[in-house]
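Open the model in your viewer and keep the selection tool at hand. The stops below go from the whole chain to single side chains.

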Amino acid sequence: MLSLQSLKNLALSAVMTTALGTAMLVTVPQSYADDHAKCQRQIEKEESKLDQAIRKHGQHSRQAEQRRRDLNAERERCWNAYPGWWDGHEHRWHDDRDWDRH
């Protein structure tokens, strides 16, 4: 038979486990959403740099090609983290790794 102290310890363990599990369920989605939003902002920033380079130097300029590589690297980073990538021109997430066709 369990002693009163053992029952108290068991109850305390159950409460702590439940609290920790609940905290993780609340924290992880928020962290994921924050990281996802950060990824979106970074891609939009790189898209803006590419658009500026194209306007200033031309579609196939050395500067535009460098900005395109930077944008694709950011998309790759996001893809590896989520998997998905943001298209700021279409204002939507893609779930296919097809940014080189856009």
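A contact here means heavy atoms within 4.5 Å. Among contacts between residues at least 6 apart in sequence, 43% join residues at least 24 apart. This is a predicted model, in which local features need pLDDT of at least 70 and side-chain atom pairs count only at pLDDT 80 or more, while totals for chains, interfaces and linings use all residues. Residues are numbered from 1 along each chain as its sequence is written, and side-chain values use heavy atoms, with hydrogens and water left out.

**Whole chain**

Start with a cartoon view. Helices (H or I, at least four residues) and strands (E, at least two) are DSSP runs, numbered from the N terminus. The protein has 2 helices and 2 strands, in the order α-α-β-β along the sequence. Now show the surface: the accessible area, from the Shrake-Rupley method with a 1.4 Å probe and, for residues, only the protein chains shown as cover, is about 7,500 Å², and 56% of that belongs to carbon and sulfur atoms. For single residues, buried means under 20% relative accessible area, exposed over 50%, and partly exposed in between (1.4 Å probe, protein chains only). Of the 102 residues, 24% count as buried.

**Helix 1**

Select residues 4-57, which make up helix 1, and pick out Lys45 within that helix. Lys45 is partly exposed, because its relative accessibility is 45%.

Is His36 buried or exposed? His36 counts as buried, because its relative accessibility is 19%. Leaving aside neighbours within four places in sequence, His36 is in contact with Tyr82 and Trp93.

**The disulfide**

Show the cysteine side chains. With a disulfide taken as a pair of cysteine sulfur atoms within 2.5 Å, the count comes to 1. The bond joins Cys39 to Cys78, with 1.4 Å from S to S. Cys39 lies in helix 1 and Cys78 in helix 2 (residues 62-81), so the pair ties together parts that are 39 residues apart in sequence. Cys39 is buried at a relative accessible area of 1%, and Cys78 is buried at 0%.

**Helix 2**

Stay on helix 2 and look along its axis. The helix has 20 residues and spans 29 Å from first to last C-alpha, close to the 28 Å expected at 1.5 Å a residue; the expected span is 1.5 Å times one less than the number of residues. Which residues of helix 2 are buried? They are Ala64, Arg68, Leu71, Glu74, Arg75, Cys78 and Trp79. These residues cover an arc of only 140° around the axis, which puts them on the same side of helix 2; the arc is that of the directions from the helix axis to the C-beta atoms. An α-helix has 3.6 residues a turn, so residues three or four places apart point the same way. On the other side of helix 2, select Arg62 and Asn80, which are exposed.

**Aromatic rings**

Finish with the aromatic side chains. Rings of Phe, Tyr and Trp (its six-membered ring) pair if their centres lie within 6.5 Å; planes under 30 degrees apart count as stacked, over 60 as edge-to-face and the rest as tilted. The whole structure has 3 aromatic pairs. One of them is the edge-to-face pair of Trp85 and Trp99, at 6.0 Å centre to centre and 80° between the planes. Trp85 lies in strand 1 (residues 85-87) and Trp99 in the segment after strand 2 (92-94), so the pair ties together parts that are 14 residues apart in sequence. Trp85 is buried at 0% relative accessible area, and Trp99 counts as buried at 6%.
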